[in-house]
Amino acid sequence: MYLKRLEIHGFKSFAQKTTLEFSQGVIAVVGPNGSGKSNVADSLRWVLGEQSPKLMRGKKSEDVIFAGSDKKTRLGFAEVIATFDNRDRRIPLDAAEVSIGRRVDRSGESEYLINGNKTRLMDIVDLVLKSNIGTSRYTVIGQGTIDQMILAGPSEVKNLIDEASGVKTYYIKREKTLRRLEQTANNLMRAEDLIAEIEPRLKSLRRQAKKMEARAEIETELKVYQREFFGKTYWSLKEAIDAFLGRLSETGAKKRAMEIELSAKRAQAEQLESGSVTGNGQFKEVQDHLARLQNQKNKLLEDLSLVRGKMQSQRTSSLGDAKTIQVEVHARERKIAEIKEKISQINNEKTVIEQDFVKQFKALDEANKQLSQLYQNLNSPVSIDWKLVELELKALEKTLDDFFASVQQSADLEETKRLAGSVKQGFSKFKDVAQKALIDPQSSQAALKTQLEQLQRQKEDLSSQVNALQLSLSKSKLSVEFLEKELSAVAQEKLHWDLELKKAQSSSHDEFWQDLLKEEQRIKQEVEGLAKQVSEMEGSLKQFYDQEDKRQKQIREIEGQYRDIQDSLSKTKDQEAQINIEKAKFDTQMEVLVEEITRILGDGVLSSIKEKKVESATDGLEEKILKLKNQLDTIGGMDELTLKEYQETEARFTNLSSQVEDLKRGMADLRNIMDELDGHIKVKFSEAFHKINEKFEEYFRVLFNGGRAYLSLVKAEDKAQEEAEEAEEGGQEDMEQEHLRPEEKIMQKYEKGASNITGVDMKATPPGKKLANIQALSGGERSLTSIALLCSLLTCFPSPFVVLDEVDAALDDANTIRFGQILGRLSHQTQFLTITHNRETMAQANILYGVTMGDDGVSKLLSVKLDQAKQYAK
């Protein structure tokens, strides 16, 4: 893995988008002072997650954005993208190239990108640590900070070794585990404190619970006796209720028989009422014929009066013009013919309407009967005699079939046929529903209601049709009566003109007188004939009235029988009501008993009592139950709130105890992890220290051309000195330790650290000198010593790339040559990006970037690949 590309846009002096392509080996960035070379190192440090404005040579985060110049305005954002070659998958991502980007605008908002996808700073830092890129301590060494590696002190040198060797990762894990251990210890102490707080109260509640156990035993015995007592009482009440139900069943059967008999009497009465002779068509025909005869008789009498009047006036009147009179007679004859034609036409229509009216009235009467029966069935669905219903339905079906057949054979109206057909269809459905009701009364009940609605709608249709026919019949009668009156008047006028015509045509008064006498005689004969017919019609009417009197007498007899049955039915209903009243008392006692059983013993016991009858019971149950209740009163009960408190406290104590056990196991596991991490830290650090120390001595001798340097461990004070200090404190610490809880002692043990090594001291003696400490070295010597340490770290634990910002500034030519040789030796495993003014360092580079800055304050790049340049030169 190596740094493949660095894209800079708007970062410090790089206002324009600038791309630096890198390869493995040594890359040198050169240029005059102030041209922006170090901004390349700063951009790499910044994109890898650096958050310190001080290390970025600024005060605020937005100071990294191009601030503008006299010739170029400032920018609103800064963006840097570092692309790494990841073919070896050193970065734990499944990609051949991995780009890490960072963007910031002047509002202070930042964006972090991994392969173009937004992410968090935490993710970038974690990715950098996992890939062993390192941090700014030795991956990016800023200008003038190379000697700070050794001047920062032993602890910082130790941190460098920890980071380079990967021990830092164990320290991070150890710190996280320590925090978890601390949190677990705190939770354990809190749980133990809560247990110590609630345990005294729980003991008191447990003592009260023991009393409840004794109470529970008595309650168990009490429930046994109560179950026996309630069972005996339940079955005694049930037997009494069953006896009442038997009596009610007998009374109900008797009542249903009476209701059936009442229904039969009602049907007979209705049949007799519907068979009234005064309401049938024959009776009406006789009445109408008698009325017509009376009208004809009256007309003839009027004609007779007219003739006799002519006879009186004949003696004094003169003869008229025969032609004029004949015109009047012909006019009256035409009018009489027209009126008779209208009367005949209306009578024919009336005959058809009367026939339809009679048929529709019969159908409506049948529908009313069926509705009456259906209402009765619905009002007493349990007592319906379905066999009787079936017989009635069969009779109804036959009647309707006959009616429908007669309607189809006649020339009736189409609407009448449709209604008759719908009536037949409706009653046929009702038959099917009634037959199903014989099997399932509950389902037939709903079907009967549906059929009732259909019959009601059909009855309404029939009623509307009957009313319409009755209205048409009334209109026809009125029209006939009006035309007959008009005909009578015109006939009289014709008779008058006939007589006048005879008078005018007569040769003498005697001849006309003879004609009047003949006309008088003819009218008298017709009147006598009509009187005889009237007498015969009156005799027929008397026969009809006699039949009606007989029918009314039969109806009165049936009504008397109906009242007697109704009185008996009323008495039976009174008996039934009295039985129901007595039964209701026992039902109330049963309800109270069931509620008491359910309240005291529960639904399960109630079910078992209902399933099995108690044959015998223990003697003195009531006394035993009363005695046990008195014992319960003596013991007393636990308040519901106290019982609830005991249950909650017991549950809480159990829960806390379980949590304490879980926390103790958790602490044991965490302590094992801490011990393992401490062991790894000690081993890893020891191995890394000896390797780095060996290489440090080697590189020091190379850079200084001799001399001696080594690393030494700085440990905590030895045990003897600690014991002396404890003795001086006079035992105060021992007293403090005694008051510490076990968890606190454990935390004190692990907070002391993974080992007693607190730092790494550095001893360096250049050739021909004898120095007491590292601070006595000159600036160049400190730089060489720091470079020796850096090279030893990179040799033992190579980093993918390292940025060196003018670390060779303090070196002379000879040391620069040696430094360049070391870079060349290490470049096969580490990529070096050096920012330098030194020619010897430039000579080691594979790629050379030159940075310049114009008068617009913007840094620009020029690049040269030295390998290609050497070939061109050759």
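**Exercise 1.** State in which helix Leu-129 is found, and work out whether Leu-129 is buried, partly exposed or exposed.

*Solution.* Leu-129 is found in helix H2, which covers residues 121–130, where a helix is a DSSP run of H or I with at least four residues, numbered from the N terminus. The model is predicted, so local features need pLDDT of at least 70 and side-chain atom pairs count only at pLDDT 80 or more, while totals for chains, interfaces and linings use all residues. Residues are numbered from 1 along each chain as its sequence is written, and side-chain values use heavy atoms, with hydrogens and water left out. Buried means under 20% relative accessible area, exposed over 50%, and partly exposed in between, with a 1.4 Å probe and protein chains only. Because its relative accessible area is 42%, Leu-129 is partly exposed.

**Exercise 2.** Find which residues touch the most other members of the largest nonpolar core, and then list the contacts of Ile-161.

*Solution.* A nonpolar core is a set of buried Ala, Val, Leu, Ile, Met, Phe, Trp, Tyr and Cys residues joined through side-chain atoms within 4.5 Å. The largest core has 50 residues, and those touching the most other members are Ile-161, Ile-692, Leu-711, Met-762, Leu-789, Leu-804 and Phe-832. Leaving aside neighbours within four places in sequence, Ile-161 is in contact (heavy atoms within 4.5 Å) with Phe-685, Ala-688, Phe-689, Ile-692, Leu-711, Val-760 and Leu-793. A second, separate core of 46 residues includes Leu-20, Val-40, Val-64 and Val-803.

**Exercise 3.** Give the share of the 874 residues in the protein that is buried.

*Solution.* Buried residues make up 39% of the 874 residues.

Notes. Helices (H or I, at least four residues) and strands (E, at least two) are DSSP runs, numbered from the N terminus.
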